[in-house]
Amino acid sequence: AKALGSPEHKYGELTLSVGYIKEKAALEATVFQARLVEGKKSYHSDTLVYVWLLPQLEFLECAKRKHKTQGERGTLEPIYNHTFLLPSNEDSLKLDGAVLLLGVYNSNSKHLVGVGLVPCKDIPILGEQRLLNETGPKRLRRDITLTQIVVTNRLLYRELAARHSHDHEAGRFFRYLRKKLHMDITS
């Protein structure tokens with residue numbers, strides 16, 4: 001295992017469990033805890049986690065409200081133990097490019113500490129009886145590495161923008177990102 005603070009774990013890790021429950025037509029995600037790397041600024045110690053299913057156009061019911069944990073103060077190892085029930089359908093989870101995105105933010109300034117994602121195709125499909133009897137597929141439990149969003153490749157940027165061109169919110173985000181990074185995507 002790589003140490004926190006190494007290039008592979010530059011911003012820390014987030015421990016979660018996730019599974020799609022057919023009977024509830026929802027993805028159940030539990031965010032257990034984070035292990036954050038101490039930064040130069042103190043904002044890393046007061047955090048909360050936001051959760052999204054993307055692309056939003058495929059998960060409209062989920063996109064109608066914010067999904068976030070309560071803020072945890074004064075620790076680089078916050079324990080959230082928060083379970084989200086994210087309305088979705090099984091077919092949308094199987095789409096190429098569908099992801100569960102988790103963002104760790106400072107609870108006061110909303111500064112982004114790090115992001116992690118789980119490809120939806122990796123999320124197990126569960127039935128209610130299987131949950132009760134503990135037989136069959138189980139929830140995916142993993143530590144995900146937190147990173148920062150850095151756009152360094154113009155071709156990658158253009159590809160992502162084209163894939164999400166039908167999503168109004170994604171379009172706004174890409175325009176903001178291009179402006180913020182002063183990026184010329186034509187070259």
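**View 1. Trp 52 is partly exposed, with 27% relative accessibility.** Partly exposed lies between buried, under 20% relative accessible area, and exposed, over 50% (1.4 Å probe, protein chains only). The model is predicted: local features need pLDDT of at least 70, side-chain atom pairs count only at pLDDT 80 or more, and totals for chains, interfaces and linings use all residues. Residues are numbered from 1 along each chain as its sequence is written, and side-chain values use heavy atoms, with hydrogens and water left out.

**View 2. Tyr 50, Trp 52 and Tyr 105 make up one aromatic cluster.** The structure contains three aromatic pairs. In one of them, Tyr 50 and Trp 52 are stacked, at 5.9 Å centre to centre and 10° between the planes. Rings of Phe, Tyr and Trp (its six-membered ring) pair if their centres lie within 6.5 Å; planes under 30 degrees apart are stacked, over 60 edge-to-face, and the rest tilted. Tyr 50 is buried, at 9% relative accessible area. Tyr 50 and Tyr 105 are edge-to-face, because their ring centres are 5.4 Å apart and their planes stand at 85°. Tyr 50 belongs to strand β3 (residues 47-54) and Tyr 105 to strand β5 (residues 99-106), so this pair ties together parts 55 residues apart in sequence. Strands (E, at least two residues) are DSSP runs, numbered from the N terminus.

**View 3. Arg 141 places its charged end over the ring of Phe 32, 4.1 Å from the ring centre.** The criterion is NZ of Lys or CZ of Arg within 6 Å of the ring centre and within 35 degrees of the ring normal.

**View 4. Glu 28 is a residue of strand β2 (residues 26-36).** Glu 28 is buried, at 13% relative accessibility. Apart from neighbours within four places in sequence, its contacts include Ser 17, Thr 83 and Arg 139; contact means heavy atoms within 4.5 Å.

Technical notes:
Helix = DSSP H or I, 4+ residues; strand = E, 2+ residues; numbered from the N terminus.
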